[in-house]
Amino acid sequence: SDYSKEPPRHPSLYINSKEPFNAEPPRSALFRSYVTPVDLFYKRNHGPIPMVDDIESYSVLISGLVEKPKKLSVKDIRMLPKYEVTATLQCAGNRRTAMSKARKVRGVGWDVSAIGNAVWGGAKLADVLELVGIPKLSSSSKSGGKHVEFISVDKCKEENGGPYKASIPLIQATSPEADVLLAYEMNGEPLNRDHGYPLRVVVPGVIGARSVKWLDSINLIAEACQGFFMQKDYKMFPPSVNWDNINWSTRRPQMDFPVQSVICSLEDANAVKPGKVTVSGYAVSGGGRGIERVDVSFDGGKTWVEASRFQKFGIPYVADDESSDKWAWVLFEATADVQRSTEIVAKAVDVAANVQPENVEDIWNLRGILNTSWHRVQVRVGH
Ligand code: MTE
Ligand code: MO
C-alpha cells in the first residue's frame, strides 16, 4: 500500500493509527462548536487516501439490477437539486478504548471523539436513483434490486486489496425523508481528500461505516452487500461470544446507532477547584430519534440533574421540532456545586425512551463497537 500521498492534517489530532490514518480531535474541540470544523473532524480509514485528480473523467457507474444502467459525472450530480443536511457521523468504534479496559477487544482504539457534526451538501440518493428508473419509496426495483451497494475507489487489506464497500436497503435509499446524500461538500467547502473527495455517501442516523467515501460505483443488488465490513465486522455480538465460538452469519450488519452521550469538557482524572463546576458534552441517537433528556450526576450516579440542551447556541433544543436538526447531535450543559473528589456521569434518553446502559460489561462485545455505557469522568477536587 502507498502511504506517500497522504494529505496534511491538523497537528492537534490524536493519532490512533498512522497507516491507515485514524485520528480524533481533543474532547474540548467537540463541544466548542455545534458544527465540527473539517480539520478537527475525526478521520477513519482502512487504507491509503486515494488520489482522484482527474475530475473531468471521474464518474459514478450505477448498475446491477437496474433497467437503465448509467454513468454519472460530478457535473450530472451537481445538476440535481442540492440539499444541505446537518448530520452527525459517529464511528461504531467510538469509545472502544474504554470498552477494552473492561475486557480486551480487537480494533483501533478510540477515546470519545470518533464523532463529528457537519453540514453535508450534495444530491439526494433518491433523486440520483430516479435517473436510472427507480421511483421514490421503492422497496424493490423492477429487476429485483432490494439493496443499494456503494463501492469505493480505495483499497484495503480486509477486502484482500479490493475496495471498501457497504449497502443500505433500497427503501431507505429511495426515501427523500431519509436524507441519504451523495455529498460533494462538507461545511460549505468542497469535500477534502480525507473525507471522500470528490464524492461520498452520507447515511444519516447510521454508524459511520455505511457512509462510503470516494464513491466509485453504485450497485443494485438482491441481498445486502457481502463485503467484509458488512458481514465480518461492525456487527454487535453478546458478551458470551469470543474469537473461538463466533459465527458471523448469526448477526445482522449494524445500521442505526443507539443513544449516546459523552462529557467533553473534562478529561479523565481532571483536577478542579471546589465550587461550581459546569460540564458540557454531546448527545445523539440513531435513526433520527431526537434527544428527550440528558441526565448528569455529580455523585457517581446516586442523584441526577437534568442538563440544558441546545444545537444552535442560545436556542433551547426541542426534540422533533421544526427548529431542530433531526440528524444532528445535541450539546448539553449542567452545573453543580462540587466540594469533594467525585465521579461525574452522563446518560441520555432518546424520544423512543431508549436509555444508555449503566455498565460497559453488559454491552461488551469482542469487536468493541457501540460503547454507549454511561460516560464517567473522575474529578479530583483540590484546594
Ligand atoms: N469509506 C471508505 N471508502 N473507506 C473507509 O475506510 N471508513 C468508514 C466510512 N467510510 C471508510 C469509508 C468508517 S468506519 C467511518 S466511521 C467513516 O467513513 C469515517 O468518515 P470520516 O473519515 O469522514 O470521519
Ligand atoms: Mo467507523
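Reader: What share of the contacts in the protein chain with a separation of 6 or more joins residues 24 or more positions apart?

Author: Two residues are in contact if their C-beta atoms, placed from the backbone, lie within 7 Å. In this predicted model, residues 24 or more positions apart account for 70% of the contacts in the protein chain with a separation of 6 or more. Since the model is predicted, local features need pLDDT of at least 70 and side-chain atom pairs count only at pLDDT 80 or more, while totals for chains, interfaces and linings use all residues. Residues are numbered from 1 along each chain as its sequence is written, and chains are lettered from A and ligands numbered from 1 in the order in which they are written.

Reader: How is the radius of gyration of the protein chain to be read?

Author: The radius is taken over C-alpha atoms, and the globule rule is 2.2 Å times the number of residues to the power 0.38. For 383 residues, a compact globule would have a value near 21 Å, and the protein chain agrees, with 21 Å. The C-alpha trace spans about 70 × 50 × 40 Å along its principal axes.

Reader: Is I134 buried or exposed?

Author: A residue is buried if 20 or more other C-beta atoms lie within 10 Å of its own, exposed if 12 or fewer, and partly exposed in between; these atoms are placed from the backbone. I134 counts as buried because it has 26 C-beta neighbours inside 10 Å. Leaving aside neighbours within four places in sequence, I134 is in contact with V66, L129, S141 and T174. I134 and K68 are 66 residues apart in sequence, yet 9.3 Å apart in space, C-alpha to C-alpha. Across the protein chain, 48% of the 383 residues count as buried.

Reader: In what order do the 5 strands of the open sheet stand?

Author: Strands (E, at least two residues) and helices (H or I, at least four) are DSSP runs, numbered from the N terminus. Two strands pair if DSSP finds at least two bridges between them. The order here is β15-β22-β21-β17-β18, with mixed pairing. β15 (270–272) and β18 (305–306) stand at the edges with a single partner strand each, so one side of each has no neighbour in the sheet. β17 (residues 291–297) and β18 run antiparallel, joined by 2 bridges, and V296 stands opposite V305 in β18.
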